[in-house]
Amino acid sequence: MPRQLRPVGLDFVETAPVRLVFAREMSAPPDRVFHALNDDVPGWAQWFAAVTHAESVDDGAGRAVRLKGGGRFRETIIAARQAEVYAYRVDLTNAPGARAIAEEWRLVPSGDGTRVQWTFAVDGTAPFRFAVRLARAGLGRAFRDAVGALDRRLSSRRSVGPDAGGQQ
């Protein structure tokens, strides 16, 4: 049964009771990474293994996401600045004990590529907060695997583009 979460803004990413922060370098430039995050929402299921379905809703102002294991989320985009930041909050979920959830993907140029920093910020019941803290290693691994898969996806698309002598 879906439950309504507390609406939060971008500041929640810095003030949440539980904040998990992960970072990884990518070879793709920030504008390509931003495009994959913001403009190709259905593509998330191709590179983020935990995501089984993602779609834009509300004329692009939100997302509906399903995860392996049955997690469901209805989200609102709270920040989308080209090649800089993509963030959303969860409005509805079936996750027990959650009160507020926001995620931020911060993109920083790094040489020819991008340093991607993902912050997972939550509030909830004591058992929920405890479970999220326990999940840190698994979430970190999921992030690293997802960013690696996204980087490979973006690199393979670049190699078949007109600059590489391929056909589009």
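A residue counts as buried when its relative accessible area is under 20%. Keep that cut-off in mind on this tour of a predicted model.

**Stop 1: W105**

Select W105. Its relative accessibility is 1%, so W105 counts as buried. Find W105 in strand β7, which spans residues 98-110.

W44 sits in helix α3, residues 44-47. Show both rings. W44 and W105 form an aromatic pair that is edge-to-face. The centres are 5.5 Å apart, with 85° between the planes. This pair links distant parts of the chain, as its two members are 61 residues apart.

**Stop 2**

How far apart are the ring centres of W44 and F48? They are 6.3 Å apart, and the planes meet at 10°, so this pair is stacked. F48 is buried, and W44 is too.

The structure holds 16 aromatic pairs. Ring pairs join F22, F34, W44, W47, F48, Y86, Y88, W105, W118, F120 and F143 into a cluster. Colour these residues together before moving on.

**Stop 3: R63**

R63 lies over the face of W44, at 4.3 Å from the ring centre. R63 also lies over the face of Y88, at 4.1 Å from the ring centre. Both of these rings belong to the cluster of the previous stop.

**Stop 4: the nonpolar core**

In soluble globular proteins, nonpolar side chains tend to be buried together. Here, the largest nonpolar core has 39 residues. Which members touch the most other members? They are V33, W44, W47, Y86, I101 and W105. Helix α5, residues 136-159, gives the largest share of this core, with six residues.

Zoom in on W47. Leaving aside residues up to four places away in sequence, W47 touches L37, W105, A146, A149, L150 and R153.

Next, select F12, V13, A16 and A102. They are among the seven residues of another core, which lies apart from the largest one.

**Stop 5: the largest pocket**

The largest pocket holds about 480 Å³ of space. Its lining has 26 residues. Which of them are closest to its centre? Select L67, F73, E103, F120 and L139. F120 is also a member of the ring cluster.

Strands β3, β4, β5, β6, β7 and β8 (113-124) each supply at least two residues, as do helices α4 (126-134) and α5.

**Stop 6: loops**

Finish with the backbone. Most residues other than glycine have a negative phi, and most peptide bonds are trans.

- Select D58. D58 is in the loop between β3 (51-57) and β4 (62-67).
- Select A83. A83 is in the loop between β5 (72-81) and β6 (85-93). At 23% relative accessibility, A83 counts as partly exposed.

Last, select G69, in the loop between β4 and β5. Buried or exposed? G69 is exposed, with a relative accessible area of 90%. Draw a distance from its C-alpha atom to that of T52. The separation is 9.5 Å, with G69 and T52 17 residues apart along the chain.

Note on methods
Residues are numbered from 1 along each chain as its sequence is written. This is a predicted model: local features need pLDDT of at least 70, side-chain atom pairs count only at pLDDT 80 or more; totals for chains, interfaces and linings use all residues. Side-chain values use heavy atoms; hydrogens and water are left out. Rings of Phe, Tyr and Trp (its six-membered ring) pair if their centres lie within 6.5 Å; planes under 30 degrees apart count as stacked, over 60 as edge-to-face and the rest as tilted. Buried means under 20% relative accessible area, exposed over 50%, partly exposed in between (1.4 Å probe, protein chains only). Helices (H or I, at least four residues) and strands (E, at least two) are DSSP runs, numbered from the N terminus. A charge sits over a ring if NZ of Lys or CZ of Arg is within 6 Å of the ring centre and within 35 degrees of the ring normal. A nonpolar core is a set of buried Ala, Val, Leu, Ile, Met, Phe, Trp, Tyr and Cys residues joined through side-chain atoms within 4.5 Å. Contact means heavy atoms within 4.5 Å. On a 1 Å grid over the protein atoms alone, a cavity is a set of points where a 1.4 Å probe fits but cannot get out, and a pocket is an open set with protein on both sides within 12 Å along at least five of seven lines; lining residues have an atom within 4 Å of a point. Grid points are joined across faces, edges and corners, and a volume is the space filled by probe spheres set on the points.
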